[in-house]
Amino acid sequence: MNQVTEQARNAVRQGGETAGQTHLRPAGDIFEHGHGITIVLDMPGVSKDRLNIHSDRNTLTVEGDVEISVPEDTESLHADVRATHYRRDFSVSGEQLDVDAIEASLRDGVLRIDIPKRAELRPRKIEVRTG
C-alpha cells in the first residue's frame, strides 16, 4: 500500500459523540476512490431545508432534523418517533483532502458527501507525445 493511499484512509475518521446530547447517529459508509472520499449516510425523513453540513478546521459535522406532525383533531395512541435529531462528526485531514471543495447531495433519504483529494494527490494520466 502506498503512502498516499494510507494517508487518504486516515484522512477521514469518525468522530466521537458529544457527551450529554441526545441525537441519533446516522448509519453510513465511507469509500475511497481515485478522486477522493465519499461518505454515504442514511438520513430518512430529513429534507434539504432541515439538513446542516459544515466544516470547522478538521471536523465535518452533519446534522439533520425530522419532525412528524400530528393532525390537530387526532389523539396519538402510540408514537415511537415524533422528532429526531441526527448528528455525526468526522475528523477530516486538510493535508490530503480539499475541504474547500466538498459537495453534498440528498436523494430519497440518502446523503452523499464527496470530498476530493487535493489536486496534487490525485492520480492523473500523462499524455505521451510523439515527434
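This is a predicted model: local features need pLDDT of at least 70, side-chain atom pairs count only at pLDDT 80 or more; totals for chains, interfaces and linings use all residues.
Along the sequence, the elements follow the pattern α-β-β-β-β-β-β-β-β. Residues are numbered from 1 along each chain as its sequence is written. Local features need pLDDT of at least 70 and side-chain atom pairs count only at pLDDT 80 or more, while totals for chains, interfaces and linings use all residues; side-chain values use heavy atoms, with hydrogens and water left out.

Turning to the sheet, four strands form an open arrangement in the order β2-β3-β8-β7, with antiparallel pairing; two strands count as paired if DSSP finds at least two bridges between them. Because β2 (28-33) and β7 (103-107) stand at the edges with a single partner strand each, one side of each has no neighbour in the sheet. Neighbouring strands here are turned by 15° against each other on average, direction ignored, with axes taken as lines fitted to C-alpha atoms. Within this sheet, β3 (residues 36-42) and β8 (residues 110-116) are joined in the antiparallel sense by seven bridges, and Gly-36 has Pro-116 of β8 as its bridge partner.

For the chain as a whole, 27% of the 131 residues are buried, meaning under 20% relative accessible area with a 1.4 Å probe, protein chains only. Among contacts (heavy atoms within 4.5 Å) with a separation of 6 or more, 56% link residues 24 or more positions apart. The chain exposes about 9500 Å², of which carbon and sulfur atoms supply 44%, as computed by the Shrake-Rupley method with a 1.4 Å probe.

Definitions and conventions:
Helices (H or I, at least four residues) and strands (E, at least two) are DSSP runs, numbered from the N terminus. Buried means under 20% relative accessible area, exposed over 50%, partly exposed in between (1.4 Å probe, protein chains only). Axes are lines fitted to C-alpha atoms, for helices over the stretch in contact, and angles run from 0 to 180 degrees between N-to-C directions.
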